[in-house]
Each structure stands twice: as structure tokens, then as C-alpha cells.
Amino acid sequence: MTTLRSPALTTTTYIRMLVFNPTQHVIWVSKEAYPPQNILRRIPSSIPDLDFKIYHGPTPSVGEGWYNEFLKFNLVKPDGIENLDTAPMPTEFVDRIRLLRAQCYALYNVWRTTAGQIEKMDMHENPLLDSHLSDKDIAEIYQQVYNISHESAKKLLIFKKDELNFRIRNLKLVEFEAETKIPELTTVQEVDDYYRQLMIRLISLQPLELSVVLDHK
Amino acid sequence: MKKLQFFNTFNTSYTPGSFRDYYKTIYGTGPCPVDRFNLLKDIDPQQLEFNNIVPAPVYSLKNLPQGSSEEWRERYFSLFEQVATDVYNKAQGKKIAVMYSGGIDSTSALIALMKHPKFKYFLDSGNFVVSMATTSIREYPKFFYERILPTIPIIPADYNALMCDPSVLVVTGDSGDYVIGNTDTPVFFYEGSTDILYRPKEILWPYLNSIDKTGKFVHFFKEICKRAPFEIYSVNQAYWWIGQAFVHQGEMHYPFVWSNIQDLKEVATFNKVYRWFLSQPFMTFSFEYASVNPYYTDFNSVRRFPKEYIVNYSGDKEYMNKIKIFSQRQLYREIRKTRVYEDGSWEFTLDKIPT
């Protein structure tokens with residue numbers, strides 16, 4: 001008996017990428033599960049000189065594997081949704097391409113770090129921040145569950161909302177600063193130093209070293 | 001070269017040229033501390049030297065009660081009222097903001113302030129608030145819902161706002177974990193039991209060697225114990241001494257480095273941040289009590305005195321079984337300064353050796 005199976009589920013690769021326009025070298029990639037519906041995620045397209053492109057086709061067979069070629073700065077994305085290729089970086093663009101990759105991943109990792117903080121601090125999808133819930137409804141639940149007075153329930157609600165807003169405001173400010181400043185930095189070293197400072201500032205325990213995508217061994 | 005008062009030990013790397021890398025060659029991969037008493041004799045002062053600001057302990061080791069005596073408990077309880085009076089005196093004309101984690105230390109300090117005759121005056125005049133996080137509630141819900149919420153204004157723990165407001169005196173329970181023993185003492189089995197605090201300190205050596213196989217961490221411990229103010233016999237005393245020597249100076253700086261406050265002249269004083277358990281009465285108690293090598297078994301047992309102080313007020317006997325929750329890990333904080341120098345200047349920089 002033949003098992004019915006969708007070929008798209010087993011052979012299709014879907015990669016979003018940012019590409020350096022003058023040479024088509026791939027600067028940043030994100031491989032997504034297929035089908036890619038409902039992906040709604042910020043990508044570092046605010047870094048200048050980059051085009052957004054998609055690869056969608058069979059598992060690419062370029063060089064020593066598409067991701068290895070990407071790490072070696074050899075992956076290029078010609079036009080055509082199923083096309084991927086390799087080419088050495090032109091000497092005159094080496095510094096520029098390395099800087100762009102450092103900027104993209106520094107910014108992306110800052111977002112991942114703040115997302116981790118949002119999860120840890122219980123801000124992700126916290127119903128207290130949902131505009132559909134009224135203060136009156138929330139206070140009534142506090143009053144019943146914690147067996148406290150109406151006044152105490154209102155006070156607790158104000159405190160919790162203030163706390164969530166304080167945390168979100170601070171994390172969003174860090175993100176805003178990072179995405180404003182990182183594109184203005186002019187060397188890989190400046191990006192790496194600033195990125196490491198941000199990781200210290202956010203007291204991050206995530207080992208997100210830029211060297212992973214810059215100096216692949 | 002300017003002496004350091006503080007440098008960030010969090011998220012440091014072993015990059016060549018960093019102090020962390022240099023420290024590893026001498027004392028291994030253990031935590032790289034701020035050295036309160038300049039005990040680390042192997043460190044080249046050209047590489048790193050600290051300006052010490054933790055108040056010098058004043059103590060006498062003569063005619064002390066035995067370690068198991070009830071006199072120590074009574075003396076410990078009496079310190080709270082004494083320190084509360086000092087806080088209210090320092091807070092004249094200011095608003096008191098108690099940093100409340102819900103843990104044993106901040107709860108006991110808050111209770112002492114609530115019991116004090118001046119509490120009502122400060123509260124009624126709008127000059128008493130509790131600064132906390134939602135996780136603070138989970139530590140001791142009954143106390144929060146019955147004692148704090150109906151009575152005292154509560155605000156989110158925002159170090160930046162509090163530290164940059166000159167009208168606020170911040171009160172913290174920081175360093176309370178190190179008054180009696182040290183709650184960072186590791187838990188490991190020795191002869192089938194984790195009740196190790198009263199055991200001879202020498203049982204630590206194989207454990208420490210299992211963490212750092214170079215032997216450098218043990219070397220660190222042995223060297224430090226030699227320089228204690230009295231003979232160190234037990235595991236409890238050894239870790240107490242580590243806490244005294246290497247924790248307090250860093251903790252004194254935290255509210256200043258977690259905020260954008262520019263003027264750091266009050267780091268060494270208690271005028272802006274009152275560190276309850278670094279006050280002289282608790283410091284004196286800590287040294288004198290540790291010197292008699294009091295009998296303790298595990299790290300929960302060293303929290304008995306402060307828990308009893310809380311239960312005496314709240315009447316919640318079940319509180320004695322409270323386990324430690326690291327609720328402060330879910331407190332929102334940002335590191336804004338990575339180095340503070342003796343002249344009050346500071347930097348936000350990576351961990352290279354200062355030049």
C-alpha cells in the first residue's frame with residue numbers, strides 16, 4: 001500500500017534572508033518550518049544596504065551545504081526563488097559584508113535577549129495587558145481569590161499594571177537604542193563591544209557570541 | 001592607577017588581557033570577587049587593587065556566650081529595634097523606600113520598621129513606601145495580603161527612579177544572608193548526609209577540587225582562612241568568612257550600578273542606601289557570633305533566628321518551614337556601570353584590565 005504524503009512537507013526548504021545588494025552575498029538567514037504561514041517576527045531589515053529575499057524550494061545542494069557556505073561568507077542569492085549559489089567575497093567588500101553581518105546578528109540577538117526577559121518576567125501574553133479586560137473585572141477576581149477588600153484589590157491592580165508597564169518600557173527602550181545605534185557603528189569591533197556591553201547591561205545569561213557567525217572555524 | 005571600588009563580575013569573559021583571565025591563572029575559575037580586606041595576596045596590585053569602603057567591623061572576642069546559648073538569640077532580636085531607630089533618624093525629611101523581596105531579610109527589616117513608634121508618623125505623612133515586585137508576593141503571600149497591602153503604599157521596584165530621587169532613603173536587606181553563616185554554602189553529601197555546616201572545614205577540599213581540578217580554588221580557600229580574625233574550624237565558619245570578605249563591597253554598590261545616578265559620593269555611607277544588615281550592630285554580632293563556632297547543620301538552619309523574629313510578629317508558625325525562593329532573579333534590573341573608582345568616577349566598559 002502506498003502512503004499518501006505531501007512532497008512539500010518533506011522536501012521544501014524555506015529560508016528568509018537579507019542580502020548585500022552589490023554582490024548578492026547572504027548576510028543574515030532564518031530557516032523556517034514549512035509551510036511558513038503565520039510567521040510574524042522582526043528581522044533586522046533596518047540595517048542599510050540589504051534586500052529581503054526568500055529561498056523556497058528543494059533542500060539546497062550548494063558547496064559544502066548552504067549553511068556552511070553562509071558561515072564562510074560564500075553563499076549568494078541570485079534572483080529566482082529556487083536559486084542559491086556560492087561565490088567568494090570580492091576583496092573590496094570584505095570589511096563591509098562582515099560589518100553588515102555583525103550588525104544584523106547583534107540586533108537580532110538583542111531582540112532574542114529582550115524576548116527572553118519578557119518571558120522570564122511574565123510579560124508575554126499576560127492578560128493584565130489585554131485591553132479587553134476591564135479594571136473592574138480584574139479587581140473583582142483579586143478580591144474573591146485573595147480574600148481582600150475592594151480597596152486592596154484596586155491597589156494591587158494598579159501596582160501590577162505599573163510594574164508591567166515599567167518593565168516593558170525599559171526593555172523597549174533598550175531595543176530602540178540598539179536599533180538606532182547599531183546601524184551607525186562603523187567597525188566590527190565597535191559592534192561587538194557595544195553588543196557585549198548590552199548583554200552585560202541586560203544581565204543576560206544567553207551565550208550569544210557574534211564570533212559564531214563571523215569567524216566560523 | 002586609580003584604585004577600584006567595584007567592578008562588574010557578572011558576564012565577564014576570559015578574553016586575553018582581561019582581569020578575569022589574569023585571576024584564573026592564580027585562583028582558577030571560581031567567582032572573581034571584590035576583595036574587601038585585601039586578602040588576595042597573590043594578586044599583583046599593579047593589576048588590581050581595591051579601595052575598601054565596607055564599614056570596618058568593631059568586635060571583641062572576649063567573654064562571649066557559648067555558641068548554643070539563648071543569649072545570642074535575644075541579642076540578635078534586640079538589634080532590629082536599634083537599627084530601626086537609626087534608619088528613622090537618617091530618614092528625617094526624606095521618604096523611606098524599603099526594597100522588599102518578600103524573603104527573610106527584607107521581611108524582618110520591614111517588620112522592625114513597622115514595629116517602631118515612628119512608623120505611623122512616616123506612613124501618615126506619605127513618607128513610607130514598599131518597593132517590590134510581583135514575585136515578592138509569592139515569597140510570603142499571607143504577610144503581603146494581610147499586613148502590607150491594606151496598610152502601606154506599594155510601588156514597582158525601580159532602582160533608577162528611587163536612586164535618582166534625592167528625597168528618598170532606600171533601605172535594603174542586602175547581605176542579610178551573611179550575618180549568620182552564608183546561604184551560598186554548597187550542598188553536598190559527606191558521609192551520607194548534607195548536614196555539613198558543623199563539620200571540619202577540611203571536608204571542603206575534595207569538594208572544591210572536584211569543581212576546579214587545578215587545585216587553585218582550594219588554594220584560594222586555604223589562603224583566605226589563614227587570614228581570618230580567629231581560627232576557622234567548621235565549614236560554616238569558612239563560608240561565613242568568604243561572605244564577609246568578598247560579598248559586601250559588591251552589594252554596597254549594586255543600587256548605584258543598577259541606576260543612572262551620577263553622584264556616587266554616598267556609596268560608602270548609609271545616607272542614600274541604608275544596608276540593614278551591614279549596619280554596625282549586625283556587623284559586630286556577626287563577627288562575635290561566628291567566632292564561637294555556633295552549631296548549625298544545613299543552610300536552612302542558619303536562618304532560624306531571623307525566621308523566629310518574623311514569627312514572633314506575625315504568629316505564622318508555618319513560616320519556620322519556609323524554603324528559600326530566589327524571587328530576586330525575576331526583579332527587573334539593568335547594569336549601568338561596570339566599574340567604580342575610589343574618587344567616585346565610574347565607567348561602563350568591558351572587562352579589560354584598567355590602564
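Of the contacts in chain B between residues at least 6 apart in sequence, 78% join residues at least 24 apart. The model is a predicted one, and in it buried residues account for 41% of the 355 residues of chain B.

The secondary structure of chain B consists of 13 helices and 8 strands. Its radius of gyration is 20 Å, close to the 20 Å that the globule rule gives for 355 residues, so chain B is as compact as a globular protein of that length. Taken along the principal axes, the box filled by the C-alpha atoms of chain B is roughly 60 × 45 × 35 Å.

## Strand 2 and its parallel partners

Strand 2 of chain B (residues 95–100) has 5 of its 6 residues buried, and it is therefore largely enclosed by the rest of the structure. Strand 2 of chain B pairs in the parallel sense with strand 3 of chain B (residues 128–132) over 5 bridges, and it also pairs in the parallel sense with strand 5 of chain B (residues 168–172), over 4 bridges.

Individual residues show how these pairings are set: B:Met99 has B:Ser131 in strand 3 of chain B as its bridge partner, while B:Val98 stands opposite B:Val171 in strand 5 of chain B. In a regular strand the side chains alternate between the two faces of the sheet.

## The three-stranded open sheet

Chain B also contains an open sheet of 3 strands in the order 1-7-8, with antiparallel pairing. Strand 1 (4–7) and strand 8 (346–347) of chain B stand at its edges with a single partner strand each, so one side of each is left without a neighbour in the sheet. Strand 7 of chain B (residues 339–341) pairs with strand 8 of chain B in the antiparallel sense over 2 bridges, and B:Val340 stands opposite B:Trp346 in strand 8 of chain B.

Helix 11 of chain B (residues 248–257) packs on this sheet, where it touches strand 1 and strand 7 of chain B, and its direction makes about 70° with that of strand 1 of chain B.

Helix 8 (residues 204–211) and helix 9 of chain B pack at an angle of about 140°, with their axes 7 Å apart, which makes helix 8 of chain B oblique to helix 9 of chain B. From helix 8 of chain B, B:Leu204, B:Trp205, B:Leu208, B:Asn209 and B:Ile211 meet B:Phe217, B:Val218 and B:Phe221 in helix 9 of chain B. The residues of this contact divide into 7 nonpolar, 1 polar and no charged.

The axes of helix 9 (residues 216–226) and helix 10 (residues 235–246) of chain B come within 10 Å and cross at roughly 85°, and these two helices are therefore roughly perpendicular to each other. Here B:Phe221, B:Ile224 and B:Cys225 of helix 9 of chain B meet B:Ala238, B:Trp241, B:Ile242 and B:Ala245 of helix 10 of chain B, and the contact comprises 7 nonpolar residues, with no polar and no charged ones.

## Contact between chains A and B

The contact takes 23 residues from chain A and 20 residues from chain B. On the side of chain A that touches chain B, the elements giving two or more residues are helix 5 (150–181) and helix 6 (188–201) of chain A, and the largest share, 10 residues, comes from helix 5 of chain A. The residues on this side of chain A divide into 10 nonpolar, 4 polar and 9 charged.

Conventions
Residues numbered from 1 in each chain as written. Chains lettered and ligands numbered in written order. Predicted model: local features only at pLDDT ≥ 70, side-chain atom pairs only at ≥ 80, totals over all residues. Rg over C-alpha atoms; globule rule 2.2 N^0.38 Å. Buried ≥ 20, exposed ≤ 12 C-beta atoms within 10 Å, placed from the backbone. Contact = placed C-beta atoms within 7 Å. Nonpolar A, V, L, I, M, F, W, Y, C, P; charged D, E, K, R; others polar. Pairing = 2+ DSSP bridges. Axes fitted to C-alpha atoms, helices over the stretch in contact; angles between N-to-C directions. Parallel < 35°, antiparallel > 145°, perpendicular 65-115°, else oblique.
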